[in-house]
Amino acid sequence: QTIKAPYHETNGGKWVFTPLDRTCLDMVIKGTWLFTYRIDAETLKGSLAVILGLYPHLSGRINPGGYVDMNNEGVSFSVDHKPSATLDDIRRDDGAADRYSTGIDLRKAKKGEAPLLAVTLTHLKDGSVLSVHCAHVCMDGSAFYSMMRNWALISRGGPVKPPVMDQSLVPVPDGQLSKEAVMDEVAGMGWHGVSFTLLLSHIWQGITGVAKTRTKAIHIPDEVITRLKESVSQRSGKQYGNHAVLSALIARMCLELSGVPDGAECSVLSVVDARGRAGNIPPGFAGNAVSNIPSESFNAAASPEAVAQAVDGRLKEILSDPGKLGHYMLLNMYAMEYKLPLVPFDLKGMNSKRPTTIYINNFSRFPMYDIDFGHGRPVQIIPHDLPDMVKLFPTPDGQGVDIYLMGYPAKYYNRIKDKEKWLEGVIARASE
């Protein structure tokens with residue numbers, strides 16, 4: 001069934017893609033929520049229609065000219081029934097994010113022949129599964145999970161603050177910087193080259209299946225995070241937030257798993273939400289607005305406090321000034337626009353069998369569990385399968401964080417027989 005907005009004030013408008021959007025054309029954000037109650041399909045359809053009025057680009061179709069035609073052609077909505085399946089079956093199913101969704105046909109979607117949002121509601125023996133697949137070209141994780149929370153609020157009759165539908169707020173190339181000027185500036189900033197060999201390595205990981213290898217949740221309780229923060233603070237004399245300290249722990253995990261030698265130069269790459277931080281991008285922006293910021297380099301044998309400082313220092317340097325982050329994003333946009341073989345992080349170190357660039361996407365503060373369609377919050381979320389080396393997710397009870405590894409670190413972790421003992425050892429060494 002196709003669901004459309006009941007009203008469409010921006011009919012005929014265009015959601016013009018930024019260079020960042022275009023890098024996401026082949027990606028789908030897959031949200032999967034498990035509920036202990038039967039969600040009413042008709043209520044869901046009605047509130048979805050209202051949401052599409054607020055997020056008209058989701059109900060449009062891609063135009064090969066490089067934009068979404070916000071023509072309200074609608075999104076896909078399906079209802080399925082699996083009376084013999086249980087929530088525990090879904091929890092054990094590594095392929096649930098795809099198995100319980102009709103999915104998005106990206107090949108057709110990129111031609112303007114298919115919807116950019118697909119919703120599948122499955123009624124189980126003891127609850128419901130809600131699967132929502134969204135074309136990443138339309139929005140990032142922050143916008144996606146905010147949209148889902150708004151959808152749930154509308155289902156319960158609550159008011160929502162309309163999202164900001166204005167792509168002009170994102171810093172994009174305007175022709176004022178030439179290709180040569182951009183190359184000179186980013187080269188002076190120490191950006192790294194991208195060779196054909198590196199691209200082949202990335203493709204090879206996809207062919208062999210390594211890129212899609214992932215772990216189950218690795219849970220880090222609040223008390224462990226608190227202990228690590230206290231330990232790092234005592235040794236360094238500085239206070240660090242959760243992200244910096246968890247980055248230090250995760251770096252130690254990944255480097256030990258991969259057997260990276262002590263003398264190797266390493267870094268952590270943090271995915272940063274630019275809303276409220278860069279230029280004029282407001283918190284409610286409904287598109288893609290992230291930037292990847294590498295830490296300062298550190299030795300593979302560096303202490304947790306040294307790694308925390310490398311991550312925190314670099315983030316504060318850029319995030320303390322909205323203009324600096326905005327310019328950093330603009331340079332990235334120009335590099336994408338000009339197809340420059342340069343990126344601000346060590347791609348070779350990230351794609352290596354022994355990764356020295358640890359890519360972390362932290363979703364732990366996103367409102368994933370604030371999605372209540374009238375009878376309670378979800379009991380669990382199945383993480384999406386976007387190619388993030390490390391994902392941090394919130395937990396059902398809000399206590400601690402769950403870490404998911406992908407790629408080579410996941411491959412090595414999955415080989416460990418006594419995973420609990422190994423993790424305890426890493427935590428103990430990080431706390432010494």
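**Notebook: charged side chains**

I began with Arg92, which is exposed, with a relative accessible area of 56%. The model I am reading is predicted.

**Entry: Arg92 and Asp89**

I looked for a partner of Arg92. Arg92 forms a salt bridge with Asp89. The closest N and O atoms are 2.8 Å apart. I then checked where the two sit. Both are in helix H3, residues 87-92. They are three residues apart, so about one helical turn separates them. Asp89 is partly exposed, at 30% relative accessibility.

**Entry: Arg275 and Asp140**

Next I looked up Arg275. The side chains of Arg275 and Asp140 meet in a salt bridge, 2.9 Å from N to O. Arg275 lies in the loop between strand E11 (265-273) and strand E12 (290-294). Asp140 lies in the loop between strand E8 (128-135) and helix H6 (141-155). The pair therefore ties together parts that are 135 residues apart in sequence. I also noted accessibility. Are these residues buried or exposed? Arg275 counts as buried, at 9% relative accessibility. Asp140 is buried too, with a relative accessible area of 2%. The cut-off for buried is under 20%.

**Entry: the count, and Lys110**

How many salt bridges does the structure hold? I found 18 salt bridges. One of them joins Lys110 to Asp26, with the closest N and O atoms 2.4 Å apart. Lys110 is in the loop between helix H5 (106-109) and strand E7 (117-124). Asp26 is in the loop between helix H1 (19-23) and strand E3 (28-35). Lys110 counts as partly exposed, at 32% relative accessibility. Asp26 is exposed, at 56% relative accessible area.

**Entry: a network**

I also looked for linked salt bridges. Lys30, Asp98 and Asp385 are linked in a network of them.

**Entry: Arg252**

Last, I looked up Arg252. Arg252 is found in helix H10, residues 242-258. Arg252 is buried yet has no salt bridge. Which side chain of opposite charge is nearest? I found Glu256, 4.0 Å away. I then listed contacts, leaving out residues up to four places away in sequence. On that basis, Arg252 touches Ala300, Ala301, Ala302 and Val426.

How values were computed
Residues are numbered from 1 along each chain as its sequence is written. This is a predicted model: local features need pLDDT of at least 70, side-chain atom pairs count only at pLDDT 80 or more; totals for chains, interfaces and linings use all residues. Side-chain values use heavy atoms; hydrogens and water are left out. Helices (H or I, at least four residues) and strands (E, at least two) are DSSP runs, numbered from the N terminus. Buried means under 20% relative accessible area, exposed over 50%, partly exposed in between (1.4 Å probe, protein chains only). Lys and Arg count as positive and Asp and Glu as negative; His and the chain ends are not counted. Contact means heavy atoms within 4.5 Å.
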